[in-house]
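Please keep the sequence and the 3D view open as you go through the points.

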Amino acid sequence: MFDFGKIERLKSRADSGDVKSQIEIGKEYLKGQNIQASFTKAFAYFSMAARKNEPEALFLLAECQDNGTGTDVNPSHAFMNYQKSANLGYLRGILAFANFLEAGRSGVVDFPKALKYYQMAVKLGHAPAKEQVVKLERLIQSSNSQTSQPQANTGIGVQIGRAHV
């Protein structure tokens, strides 16, 4: 049987500023298993913890912003928070940010920067990211060899370079 007092204690610690408790109660509000689901409250608790630069909270906040969970969809804020989480070394943040860059969801496809973040994920032991590293290395190599040859301007293309945020 579930201890409802546990949720109350968790909520009390979260409301007092405990970052780990803010994340955990936010997750509880997302799941809605031990407490009535509230995406808005989940977002609020993730926001509290993210203000303290907690990497997992920044990632969870970005997911909410990316998917419109408890808030409006906001890709630019999601991008910023995925980036902060990634730069703090949080694996899920690294992967999400690399995907954002690779897919051009920030408005610009940035294969070299995505490659850098996938390489970080590999260094942290995330073996599946190695496939993305190989794929992006080939794409970058292919792009570099194509740009060294004169080509007709078709007016169609993908911008490969650095995103300016």
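1. Helix H2. Start with H2, which covers residues 19-31 and has 13 residues. From first to last C-alpha, H2 reaches 19 Å, close to the 18 Å expected at 1.5 Å a residue. The expected span of a helix is 1.5 Å times one less than its number of residues. Helices (H or I, at least four residues) and strands (E, at least two) are DSSP runs, numbered from the N terminus.

2. Basis of the model. This is a predicted model, in which local features need pLDDT of at least 70, side-chain atom pairs count only at pLDDT 80 or more, and totals for chains, interfaces and linings use all residues. Residues are numbered from 1 along each chain as its sequence is written, and side-chain values use heavy atoms, with hydrogens and water left out.

3. The chain as a whole. The protein chain has 8 helices and 0 strands. From the N terminus on, its elements run α-α-α-α-α-α-α-α. Of its 165 residues, 39% count as buried. Buried means under 20% relative accessible area, exposed over 50%, and partly exposed in between (1.4 Å probe, protein chains only). Take the contacts between residues at least 6 apart in sequence: 42% of them join residues at least 24 apart. Contact means heavy atoms within 4.5 Å.

4. What H2 hides. Which residues of H2 are buried? They are Val19, Ser21, Gln22, Ile23, Ile25, Gly26, Glu28 and Tyr29. Their cover includes helix H1 (4-15), H3 and H4. Just after H2, glycine 32 takes a positive phi of about 70°.

5. H2 against H3. These two helices pack at an angle of about 160°, with their axes 8 Å apart. Axes are lines fitted to C-alpha atoms, for helices over the stretch in contact, and angles run from 0 to 180 degrees between N-to-C directions. H2 and H3 are therefore roughly antiparallel to each other. The cut-offs are under 35 degrees for roughly parallel, over 145 for roughly antiparallel, 65 to 115 for roughly perpendicular, and oblique for the rest. H2 passes H3 in a left-handed crossing. A crossing is left-handed if the near helix is turned anticlockwise from the far one by less than a right angle, and right-handed if clockwise.

6. Who meets whom there. From H2 come Val19, Gln22, Ile23, Ile25, Gly26, Lys27, Tyr29 and Leu30. They meet Phe39, Lys41, Ala42, Tyr45, Phe46, Met48 and Ala49 in H3. By class, this contact of H2 with H3 has 11 nonpolar, 2 polar and 2 charged residues. Ala, Val, Leu, Ile, Met, Phe, Trp, Tyr, Cys and Pro count as nonpolar, Asp, Glu, Lys and Arg as charged, and the others, Gly among them, as polar.

7. Asparagine 53 lies in the loop between helix H3 (39-50) and H4. Its phi is positive, about 60°, although it is not a glycine. Most residues other than glycine have a negative phi. Asparagine 53 is partly exposed, with a relative accessible area of 46%.

8. Helix H4. How many of the 13 residues of H4 are buried? The count is 11, and H4 is mostly covered. Among the buried residues are Pro55, Glu56, Phe59, Cys64 and Asp66. The buried residues of H4 pack against H2, H3, H5 and helix H6 (91-103). The end C-alpha atoms of H4 are 18 Å apart, which agrees with the 18 Å its 13 residues should span at 1.5 Å a residue.

9. H4 against H5. H4 (residues 55-67) and H5 (residues 75-87) pack at an angle of about 160°, with their axes 8 Å apart. That makes H4 roughly antiparallel to H5. Their crossing is left-handed. The contact includes Leu58, Leu61 and Gln65 of H4, and His77, Asn81 and Tyr82 of H5. By class, it has 7 nonpolar, 4 polar and 3 charged residues.

10. Asparagine 81. Not counting residues up to four places away in sequence, it touches Leu58, Leu61, Ala62 and Gln65.

11. Alanine 114 is in helix H7 (residues 111-123) and is buried, with a relative accessible area of 0%. Leucine 139, in helix H8 (residues 129-147), is partly exposed at 34%.
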